[in-house]
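I opened the model to look up a few local features and to keep notes on them. The entries follow in the order in which I made them.

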Amino acid sequence: MPAKKDFRTTLNTERTARYVDYLEAPLKIVACWDLFRHKHEKIFSFINNGYLGFVLLVLSYVTLALAVYLHSEWEDVMSSLDKISDSLPLLVSFVIVVYYAVYRKELYELLEYMEKNFKYNSAQGLTNMSMCKSYEAAKRFWRIYTACTMFSVSMYATMPVIVHLWTKEPMQSWLLIDITKSSFLKFIFVFLVTCLSQFYVGLAIGQFGVFFASNSILICGQLDLLCCSLRNAKFTALLQNGVKHSALVAAHADIQNDEQHSYSYNISEIEQSFFHYDEKTSIIIRIKLYLIQDHSAANVKTRFDIYSEEHDAATMSALRDCAMLCQAIKRYTEMFEDFVSPLLALRVVQVTLYLCTLLYAATLKLEMTTVEYLAAVALDIFVYCYYGNQIIIQADRVSTAAYQSVWHTMGVGPRRVLLNILLANKKLVVIRAGKFLPMDLHTFVVVCMPLTAWKLLDYSTKGSRSTYVKKLGQFLNITSKLC
């Protein structure tokens, strides 16, 4: 027989850390977070502003150096296309750092709202869950994505140095250097400035992607909690009225069939929970009394009538708690969209321009590096679209969870509350870039449409650029009408 997998329960644990505590250190390094947030003395404010100015100086210096290089070496747009594309990450990083500096108060309010209103445990019911899995998923994504981003920018910054040391050829750089200086000093200057600027570029762009994905995962985790609590609303009422959990398991264990493939990150367990949301319940005392056979003191019921009207008041209370949690999630999603929407629009424009630039380069000469860049850029925008799509999917499951909340056993009052919850969740929950472009998989397909067009048309034109451009224009014209 195959060995059983070691299953570690996620229930009956308290939250020991903030939801996005791991984001603070990287954001501090790139000056998107105050080095001394809770220090109000002038010296600490001076340090915060001074470091912000240093980061902006590095990013703006490299950007201006590239602009001067393009002006001095300018021939035409197509010959300088690779250098122009190199300026896009620098400009985007500069804008991201400035945006975080201007809207730092809104960033703190957003995260404080999360810490105050997000629940770590679901309502106590027949099945229960916690935010443990979604928190671990968000932190795991942060580790992997940050490591990949730092590896890519490290290779970008150090490869010219490796080539210089290996071939003894001068380093190719657009940074302006005094020719009277020694070659060693020039090498050190170019290496330090390039490494530092690419380090800030990788952190600024990469950590914004981590910020978006981590918040999306945690929003999905809260929606998982809401679906579980809503599905268990009637059982929450029964437990609060003294019904034994094992009696509910014996009668209604088929709830697990409804919960299959219904959650994005968290998992529900048909085990007793000692938490009702984030408050410990008095059921612990009841269980202890029941274990010493003091049934009258414990007041634990093993027989119950799920259709009885005596449970309606507790059911309405459980549904009101679900409605309040639903309202908190919607409010946080709106605040989150308000904060990230402008930067998402900037990232979509950057990725689209970068894709078009790379595809044009591929029509001239298809190299392996170009294919790698295409894959990296497509993966970059895929992260935003995928996690935005996850929010849409999980938010849509709230209505299904409400329908599966054994509503036929409720009285008139609880049914009215449940109907209001269904109506409140009728509107689609979408994160939009620039308040108009939904971040979902359809947007990913639209953004990557030039890549699809190139694959379809490149080999049919037989190297004729005019024919390629003509067919590509016809193809995009048709697809734009369809979209």
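**Entry 1: N128**

I began with the contacts of N128, leaving out residues up to four places away in sequence: N128 touches L11, S122, A123, C228, H245, I267, S268, E269, E271, Q272 and S273. Contact here means heavy atoms within 4.5 Å. I note that this is a predicted model, in which local features need pLDDT of at least 70 and side-chain atom pairs count only at pLDDT 80 or more, while totals for chains, interfaces and linings use all residues. Residues are numbered from 1 along each chain as its sequence is written, and side-chain values use heavy atoms, with hydrogens and water left out.

I located N128 in the loop between α4 and α5 (132-167). Helices (H or I, at least four residues) and strands (E, at least two) are DSSP runs, numbered from the N terminus. N128 has 0% relative accessibility and counts as buried. The classes are buried under 20% relative accessible area, exposed over 50% and partly exposed in between (1.4 Å probe, protein chains only). I then followed the side chain of N128, which reaches the backbone oxygen of E271 at 2.7 Å.

**Entry 2: C132**

I looked up C132 next and found this residue in helix α5. C132 is buried, at 10% relative accessibility. Beyond four places in sequence, C132 touches T10, Y120 and N266. I also took the C-alpha to C-alpha distance from C132 to G221: 9.0 Å in space, for a separation of 89 residues in sequence.

**Entry 3: helix α8**

Which residues of helix α8 (residues 245-252) are buried? I list H245, A247, L248 and H252. Seen down the axis of α8, these buried residues fall within an arc of 155°, so they line one face of the helix. The arc is that of the directions from the helix axis to the C-beta atoms. The cover over the buried residues of α8 includes α7 (233-240) and α9.

**Entry 4: salt bridges**

I counted salt bridges as a side-chain nitrogen of Lys or Arg within 4 Å of a carboxyl oxygen of Asp or Glu. The count by this rule is 7.

D380 and R347 form one of them, at 2.2 Å from N to O. D380 lies in helix α13 (residues 368-403) and R347 in helix α12 (residues 312-364), so this pair ties together parts that are 33 residues apart in sequence. Both D380 and R347 are buried.

R37 and E112 also meet through their side chains in a salt bridge, with N to O at 2.5 Å. This pair links distant parts of the chain, 75 residues apart: R37 is in the loop between α1 and α2 (42-72), and E112 is in helix α4 (residues 104-117). R37 is partly exposed, with a relative accessible area of 23%, and E112 is partly exposed at 44%.

K28 forms a salt bridge with E24, where the closest N and O atoms are 3.2 Å apart. Both K28 and E24 lie in helix α1 (residues 24-29), 4 residues apart, about one turn of the helix. An α-helix has 3.6 residues a turn, so residues three or four places apart point the same way. K28 is partly exposed, at 22% relative accessibility.

**Entry 5: positive phi**

Most residues other than glycine have a negative phi, and I looked for exceptions. H261, which is not a glycine, has a positive phi of about 55°. H261 sits in the loop between α9 (255-259) and β1 (275-276). Y277 also has a positive phi, near 60°, and is not a glycine. Y277 is in the loop between β1 and β2 (279-280).

Are these two residues buried or exposed? H261 is exposed, with a relative accessible area of 74%, whereas Y277 is buried, with 8%.

**Entry 6: confidence**

The chain averages 81, and 77% of the residues score at least 70. Over residues 1-6 pLDDT stays under 50, and the model has 0 contacts beyond four places in sequence for them. Residues 459-463 also stay under 50, with 5 such contacts. Where pLDDT is low, the predicted coordinates should not be read in detail.

Terms used
pLDDT is the predictor's confidence in each residue, from 0 to 100. A polar contact is a pair of N or O atoms within 3.5 Å; within protein, one must be able to donate a hydrogen and the other to accept it, and residues adjacent in sequence count only if both atoms are side-chain atoms.
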